[in-house]
Amino acid sequence: RDLIEERPDDDAACRMLADCYEALQRWDEYRAVAQEMVHRFPRNPYAYGYLADDRRRSGERGEAKELLEKAIALDPDYLWAAQTLFDLAFEDGELD
């Protein structure tokens, strides 16, 4: 956590911290870092991906889809976001 305080413009440090929290299943900390990433890096599609992953995991599927759409709007080649959005829409019966 100190690393992202020392390097506030380093999005890779935030992603690594979120990945560590995910591996440790420390979901409150994961959510806090994901929210902070969106705040610090509003033009970074991966920030929205992390927050969408948190929302999906916590059952907030509608918000997860909105965040994934934002991520894809920022980077149409963001494959994880596109696949996850498709999966959620399929699971929710939104595809014909």
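A residue is called buried when its relative accessible area is under 20%, exposed when over 50%, and partly exposed in between, using a 1.4 Å probe and protein chains only. The model is predicted, so local features need pLDDT of at least 70 and side-chain atom pairs count only at pLDDT 80 or more, while totals for chains, interfaces and linings use all residues. Residues are numbered from 1 along each chain as its sequence is written, and side-chain values use heavy atoms, without hydrogens and water.

**Aromatic cluster**

Tyr30 is buried, with a relative accessible area of 1%, whereas Trp27 is partly exposed at 30%. Rings of Phe, Tyr and Trp (its six-membered ring) pair if their centres lie within 6.5 Å; planes under 30 degrees apart are stacked, over 60 edge-to-face, and the rest tilted. The count by this rule is five aromatic pairs, including the two tabulated here.

| Pair | Centre to centre | Angle between planes | Class |
|---|---|---|---|
| Trp27 and Tyr30 | 6.0 Å | 80 degrees | edge-to-face |
| Tyr30 and Tyr50 | 6.2 Å | 50 degrees | tilted |

Helices (H or I, at least four residues) are DSSP runs, numbered from the N terminus. Trp27 and Tyr30 stand three residues apart in helix α3 (residues 27-40), and are therefore separated by about one helical turn. The pair of Tyr30 in helix α3 and Tyr50 in helix α4 instead links distant parts of the chain, 20 residues apart. Through these ring pairs Trp27, Tyr30 and Tyr50 form a cluster. Arg57 lies over the face of Tyr30, 5.4 Å from the ring centre; this requires CZ of Arg, or NZ of Lys, within 6 Å of the ring centre and within 35 degrees of the ring normal.

**Helix α4**

Ten of the 13 residues of α4 are buried, among them Tyr48, Tyr50, Asp53 and Asp54. These buried residues pack against α2 (11-23), α3, α5 (61-74) and α6 (79-91). At the N-terminal end Asn44 caps α4, with a side-chain oxygen 2.8 Å from the backbone nitrogen of Tyr46. Gly59, which follows α4, has a positive phi near 90 degrees.

**Arg55**

Arg55 belongs to helix α4 (residues 45-57) and counts as buried because its relative accessibility is 7%. Its side chain makes a polar contact of 3.2 Å with that of Glu63; such a contact is a pair of N or O atoms within 3.5 Å, and within protein one must be able to donate a hydrogen and the other to accept it, with residues adjacent in sequence counting only if both atoms are side-chain atoms. Beyond its neighbours within four places in sequence, Arg55 is in contact (heavy atoms within 4.5 Å) with Arg31, Gln35, Glu60, Arg61, Glu63, Ala64 and Leu67.

Note on methods
Helices (H or I, at least four residues) and strands (E, at least two) are DSSP runs, numbered from the N terminus.
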